[in-house]
Every structure is written in C-alpha cells, then in structure tokens.
Amino acid sequence: MRIGVVTFPGSLDDGDAARAVRMAGGQAVALWHGDADLRGVDAVVLPGGFSYGDYLRCGAIARFAPVMQPVAGAARAGLPVLGICNGFQILCESHLLPGALIRNDHRTFVCRDQRLRIDSNATAWTAAYETGTEIVVPLKNGEGGYVADERTLDELEGEGRVVVRYIGGNPNGSYREIAGITNARGNVVGLMPHPEHAVDTLTGPTTDGLRMFESVLRSRVAS
Amino acid sequence: MPRVVVDVMPKPEILDPQGKAVHGALHRLGFDRVAAVRQGKRFEIEFDSEMTPELVARVEQAAGTLLANPVIEDFTIHVEG
C-alpha cells in the first residue's frame, strides 16, 4: 500500500510520518505542496509543522496549496486522509472536518507525553485499536485548542465521531477534551497529538502510535 | 489609491487567549478599569484600479474564505478613498 506524505514549506514531521508508514509495513510516497496530483497513492498523511509559517491562521494558507485540491476531492470520495497537528488544522480550514483549532487557553506551548483514549475505532485510521484503549503519544502545539459550536459538538458526540480524547487533564483547552475527530464516513481523521513520534521505544515514549498507520493498511486489505 | 479594509474579530463565544493576555498586561500597567480586551486583525487591501461593486464583492468572498475563518471569526468590510 502506498501512502502519500505531503511536505508543505514549513512542515516538520513529514520525515517521521514517512518513517511510521514504513515501520507499519506501507510504502511512503513523498508528495509536494505544489503537486497537482496524488501519484496514485492509496492514502494521504498531512504532517505536523508550521506550513507557510502558520501566517494568517494555522493551516489557512496551506488549504489553498495546489496539492490540497486533489486531496480534498479524493477525501470526499473516500480516500483515507490523516491530519496530524498542523495537518488537523489544515483539514479544519479546508472544511473537510468541522470546527477549528485556536491558541491554547493557557497561552503556552505544550510539549509532553500525553495520555489519550481511543473513543472510536470505526475509522480508517483507528480500526486496529479497541475502542476504549488508552495510549500515550507526544503532544506538542501552541494552537491546539479544539473549538466548535455546541450543535457541532453534540453532533460529533452523537455520531461517535470523537475519535481520540485527552485524559488525565486537558492540555490546551479543547472543548470536551477532544483530541481528534473524523468525518461522517470515517475516512478523514484529524488529531493534535503525534502518533508518528510513538512508533519505537528508542525515539518515542511508547509504540502506541504505530497502530494508527497499521489501521489504514488493514482497512485497505479488508475493503 | 482605492483601498478596502477588512476587520476580523474572534466570535464573541470563542475564547480569545491573546486578548486575555493583553488584558492582563494592561492591568499590570495600571489600567485597572478595563473590563475585557479582544484582539482581531485588520487587512488593508489596495487596488490600482477604480473600485467597483464587483470588486468589493470579490473581496468579501476572499474575506470569507481566506482572511477570516467564519467558524471562529466575524469580519466587516469597508471601502476607503
């Protein structure tokens, strides 16, 4: 399975995302923000970082990068897309996911190993987890506060679309401790924590993040 | 030169950590009667041609898609000069 990892100017975690894909058994394909097509990949990862310097709003300018047009089209047609941190912000700015990410309520950058609970395994990116599983992966952001109006939040909860939730304390003021969400179809997932930094014990706190990448490989085999 | 100004503000129901930080700093400077501060953005867009209603409409479209995120921000537009 070929998984594209997009590099925007200012992406930081594209290397780790590609490595996580390989460690999960997939083939990582480098995609460039200026690309007009997706090179026939079977899934796409939008990695963390500070695309276009995070000017204007995080993800606001990346949304209009040439590569995002085919990404958005394919995502609406069911292609698995995972947005991590800045990638989550880009997915929200693109309206592929509802809500937005704003500056952390305590106004400081947070960088720590974060406990999370997988609240739904009914997505392309969490199918390999049991719902209710607790995991620990790094979290590092300045603008990771997830916000949406009450109606949207109720809808997400009601439809089981809150995929990952912070536990052991809310690190950034996210409404309802939401760390990650999915679209109605379950193919597009965005989350603030970094599963790609938790794929081996030499460089990460756990290997809990690896299953996110294994999930998409498995979902592809099953479909 | 004709200019369109777009003012962007966080929606009232959205937390504004930057505004709160400024509020705290004002308080430390002795402005103890400040009730609240909210911080927004102002864009001044200059054109090298005559302003037309169509142009203003296009700026409005740009404001709603790029300059502001309507999920968390409101914007107003006015023409100067």
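In chain B, strand β1 (residues 3–10) is joined to β2(B) by 6 bridges, and the two run antiparallel. Strands here are DSSP runs of E with at least two residues, helices are runs of H or I with at least four residues, and both are numbered from the N terminus; two strands pair if DSSP finds at least two bridges between them. Within this pairing, B:Val8 has B:Lys41 of β2(B) as its bridge partner.

This is a predicted model, in which local features need pLDDT of at least 70 and side-chain atom pairs count only at pLDDT 80 or more, while totals for chains, interfaces and linings use all residues. Residues are numbered from 1 along each chain as its sequence is written, and chains are lettered from A and ligands numbered from 1 in the order in which they are written.

Stepping back to the whole sheet of chain B, its 3 strands form an open, antiparallel arrangement in the order β2-β1-β3. The edges are β2 (41–46) and β3 (73–80) of chain B, each of which pairs on one side only.

Turning to where the chains meet, the contact draws 9 residues from chain B and 12 residues from chain A, with two residues counted as in contact if their C-beta atoms, placed from the backbone, lie within 7 Å. Helix α1 (residues 17–28) of chain B gives the most to chain B's side, with 3 residues.

Chain A has antiparallel pairings of its own: 8 bridges link β6 (residues 110–118) to β7 (residues 134–141), where A:Val110 stands opposite A:Asn141. Strand β6(A) also runs antiparallel to β9 (residues 162–166) of chain A, joined by 3 bridges, and here A:Arg117 stands opposite A:Arg165.
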